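Please look through the sequence and the 3D structure shown here before reading on. The notes after them are meant to be read slowly, with the structure open beside the text.

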Amino acid sequence: DLLSLSRIELAAHVRPETPVELVPIVRQVVDALQMLARDRGVTVTIKAPKQPLIVSGDRDELTRVFENLIENALKYGASGKRVEIALSRAFNVGGGEEALVAVRDYGPGIPAEHLPRLTERFYRVDPARSREGGGTGIGLAIARSIVEAHGGVIRVSSEEGRGSQFMFDLAFVDGREE
């Protein structure tokens, strides 16, 4: 994971340019995580528009972002029994069209004082609980670096007792759908 993060950060100034459709990536990741969802008693739903959401990107790196965010929602939000992934279209402040992505769980939520540091390397809200679940503590740092390399920003909102939501947006190829 550290080597992956270093590689991603070294290439952060080179924005990926390959057209990538987001919805098939999300479906593939959800399919791959179905056993974890079943084991934890969590229902995963995907809401997406009928039109393709095509962004400039690196498919493998975007897959890694979705794997991290969805797996975290399944692990840390399992008590809420559902995870929702929403993909939609919107216009950014400059008028360009973009894809919006949100991964939401209905678990215990994250105390507000931890939100600003969540995507730091090795930062853990509850170190004992995180070690029990495995992982390196840098998954969100990797996701943040990948999203930033694609021109986006990860935002987190959470309310204790009501769950958490991780969101990001990515510009469409040439600012329009293909």
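What follows is a short briefing on this structure, arranged by topic.

The model is a predicted one, and its protein holds six helices and seven strands. Read from the N terminus on, these elements run α-β-α-α-β-β-α-β-β-α-α-β-β. Of the 178 residues of the protein, 44% count as buried, and among contacts between residues at least 6 apart in sequence, 71% join residues at least 24 apart.

- In general, the strands of a sheet pair through backbone hydrogen bonds, and they may do so in parallel or antiparallel fashion.
- Strand 4 (residues 82-91) and strand 5 (residues 97-105) run antiparallel and are joined by nine bridges. Within this pairing, I85 stands opposite V103 of strand 5, while F91 has E97 of strand 5 as its bridge partner.
- The two strands, strand 4 and strand 5, form a hairpin with five residues between them, and in the turn G95 has a positive phi of about 90°.
- Strand 5 is also joined to strand 7 by eight bridges, and these two strands run antiparallel. Here R104 stands opposite Q165 in strand 7.
- Is strand 5 mostly covered or mostly uncovered? Seven of its nine residues are buried, and strand 5 is accordingly described as mostly covered.

**Helix 2 and its neighbours**

- On the side of helix 2, the contact is made by L22, I25, V26, Q28, V29 and V30, and on the side of helix 4 by R59, L62, T63, F66, E67 and I70. By type, the residues of this contact between helix 2 and helix 4 divide into eight nonpolar, two polar and two charged.
- As a general point for reading such lists, an α-helix has 3.6 residues a turn, so residues three or four places apart point the same way.

**Helix 4 and helix 6**

- The axes of helix 4 (residues 59-76) and helix 6 (residues 139-149) come within 9 Å and cross at roughly 140°. Helix 4 and helix 6 are therefore oblique to each other, because an angle has to be over 145 degrees to count as roughly antiparallel.
- Helix 4 passes helix 6 in a left-handed crossing. Helix 4 contributes E61, L62, R64, V65, N68, L69 and N72 to the contact, and helix 6 contributes G139, L140, I142, A143, I146 and V147. These contact residues of helix 4 and helix 6 divide into eight nonpolar, three polar and two charged.
- How many of the 11 residues of helix 6 are buried? Eight of them are, so helix 6 is largely enclosed by the rest of the structure. The buried residues of helix 6 are L140, A141, I142, A143, S145, I146, V147 and A149.
- After helix 6 comes G151, whose phi is positive, near 85°.

**Two loop residues**

- K81 is found in the loop between helix 4 and strand 4. It has a positive phi of about 65° although it is not a glycine, and in general most residues other than glycine have a negative phi. K81 is partly exposed, with a relative accessible area of 46%.
- E160 is found in the loop between strand 6 and strand 7 (163-171). With a relative accessible area of 54%, E160 is exposed.
- E160 and P108 are 52 residues apart in sequence, and their C-alpha atoms are 5.6 Å apart in space.

Methods:
Residues numbered from 1 in each chain as written. Predicted model: local features only at pLDDT ≥ 70, side-chain atom pairs only at ≥ 80, totals over all residues. Heavy atoms only, no water. Pairing = 2+ DSSP bridges. Helix = DSSP H or I, 4+ residues; strand = E, 2+ residues; numbered from the N terminus. Buried < 20%, exposed > 50% of the residue type's maximum accessible area, 1.4 Å probe, protein only. Axes fitted to C-alpha atoms, helices over the stretch in contact; angles between N-to-C directions. Parallel < 35°, antiparallel > 145°, perpendicular 65-115°, else oblique. Left-handed = near helix turned anticlockwise from the far one by under 90°. Contact = heavy atoms within 4.5 Å. Nonpolar A, V, L, I, M, F, W, Y, C, P; charged D, E, K, R; others polar.
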